[in-house]
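Here is a short walk through one structure. Have the sequence and the 3D view open as you read.

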Amino acid sequence: MGAAIPASSVVTAALRGDVLVVTIDNPPVNALGAAVRQGLLAAMEQAQADAAVAAVLLVGAGKAFIAGADIREFGQPPVSPLLPQVCRAIEDSDKPVVAVLHGAALGGGLEVALSAHYRLALPAATLGLPEVNLGLLPGSGGTQRAPRLMGVQAATTLMLSGQPLKAQAALQAGLVDKLVDGTDPLAAGLAYVRELLAAQAPVRRTRDLVIAEPQAALVWLGEQKAETAKKSRGLFSPLKIIECVQAALQLPFDEGMQRERALFMECIDSPQRAGLIHAFFAEREVVKVPEARATQPRPVARIAVIGGGTMGAGIAVAALDAGLPVTMIERDAESIARGRANVEKVYNALVAKGRMTDAAQAAVMARYTGSTDYADIAQVDLVIEAVFEDIEVKKAVFRELDRVCKPGAVLATNTSYLDIDAIAAATSRPQDVVGLHFFSPANIMKLLEIVVPAQVAPDVVATAFELAKKLKKVPVRAGVCDGFIGNRILAVYKQAADYLLEDGASPYDIDAAVRGFGFAMGPFQVTDLAGGDIGWATRKRRAATRDPKARYVEIADRICERGWFGQKTGRGFYRYPDGARVGQPDPEVLAIVDAERAKKGVMPRSFSADEIMRRYMAAMVNEGANVVHEGIALRPLDVDVTFVAGYGFPRHRGGPMKWADMAGLDKVLADIREFAKEDPLFWKPSPLLEQLVAEGRNFDSLNKGA
């Protein structure tokens, strides 16, 4: 063993015989911050200068090789050396450089590996170029080197998907040269370097490789460009990735690198990058809640679900997928059989698609028990009630849970709107009652609103966040009010859409404008998908408490009165002939709209897509500000995560509050004041929005250190 050659505090270089072992040690994931880049460059310079060095081994300390760039540096002034320089120094080495990959080798980390002359992977390695998820593209040679190693189709698909490859798939794709068993990257790496040196393996630079079948690849890229433009709904970076790969095909390597850098900088300057990076950080910040900081979660080894309908079955599947045993309670044998069938249907579909084996399905279902007897859940650690959205029904369930569940069991309700304080009061243990508002289908949708009633114990809230992590959900802490964060804000912007409808925009114009903004569906399509009867029941429930002076649009009620509840009945705001999933505009609906306008004496006027979105977003942002102002959401970022994870808000816009910051809060407030001239009761500016504009601050200023 030679003397250690310190390169920097986060990168060390040590001679093992004639092999310079360069170790990246920048916990937790060896991110490529400025100090790591400086250390790597210094180590490569040392290797070149030292005649005792025959080869270089790049290895990551801890659990990863390099999990990517330090994204906190994005948008900051660049610090030398830039990663392309580091990658170039690695590739230019006239001594073989080997990267040994274990754990994550992602983004810039994989680009470092692609610059090495040989790549060895351990079985647990994951390799990917996920920059597209942050509105970026690989900017350190990834778009130029990956196609040379993998071929154009595989490399482009890897970059556009943002999804990593497991080690075996990476080997088959040509991204790594060898896969070896083991968990010690240093030992495996040294053995491979010795093997290469013994075989007098040459320096093999990725940039010198020729891309296979360039003409066919160009044709495929052209098709991919058209497909991506359709699929990515106005996203900026996917088409830039394709442009870069085209440059790899058509230009010499150095010119391709220049093109990649120029397009990378365009992505860096794009508002989409700001929105996507905000969403990325917000999802990590959202779990930082006072209760989780203050206490430890209660242990949860077994759970129960009350109710086997669509929602209950989805929750059961999410828990089963997390490895938890689940007992489902229903009122009779027939309902239990239906509940089990609802759970099995999910796994049957996976088996049919070849994504699950029969044996794996049997193993999962062995952890599922159905019962009609509450006594069977006496020993579970956590219960999630998912019965009909009626407070008396839910109170009856909670009285029963109070009777049978062991002391300290967490009792959760999956209500979407109802008063959880009132539900908790039906028990003798309100400290154990919390809201867990799942979104349907619960086994797929990422958002989980954790609703915190007045008397709940802090460790119950911490337990809910820990459960969310196990279930791979994105949890958001919410206070108790009608609709919590998401549905409360939804009710307001849906009202704005209803007003637009009555004032002259067709439901189809409104939906098209909202899709044009980046949502997958507009509000009337969402109503048809969810079922118009659900909103109708809510409106009837609220009718007694509605302000008689407030404007109320009855168009949706007229449609529901005809039994047109959307997709499930074949008609709603759209027609769905022969069970079609995509609706067609319905002239009869437009006739109902015209009749309602005439009845109210409304003279319809036309609205452009921009005018529609100004109202739609102003209503969303204003109510979001109220939710933060009242403490229902801890921070604006909690509103953003709620909408990105659960309501289809376009991720590249960051969320409604981030969008408002980028649009300018003064402009949003000016719009609200303008709209208030027509309807001052609905368009009442949030005190928080007024305060922030007066102080020249934005919503993001409230996210800091909250």
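This is a predicted model: local features need pLDDT of at least 70, side-chain atom pairs count only at pLDDT 80 or more; totals for chains, interfaces and linings use all residues.

Residues are numbered from 1 along each chain as its sequence is written, and side-chain values use heavy atoms, with hydrogens and water left out.

Start at strand β5, residues 97-101. Strands (E, at least two residues) and helices (H or I, at least four) are DSSP runs, numbered from the N terminus. Five of the five residues of β5 are buried, so the strand is largely enclosed by the rest of the structure. Buried means under 20% relative accessible area, exposed over 50%, and partly exposed in between (1.4 Å probe, protein chains only). V97, A99 and L101 cover one side of β5, and V98 and V100 the other.

Now look at the neighbours. Two strands pair if DSSP finds at least two bridges between them. Strand β4 (residues 55-60) runs parallel to β5, joined by three bridges. Here V56 stands opposite V97. Strand β7 (residues 118-121) is also parallel to β5, with four bridges. R119 in β7 is the bridge partner of A99.

Move on to helix α20, residues 507-517. Its buried residues include Y508, I510, V514 and F517. G518 follows α20, with a positive phi near 130 degrees.

L529 counts as partly exposed because its relative accessibility is 42%.
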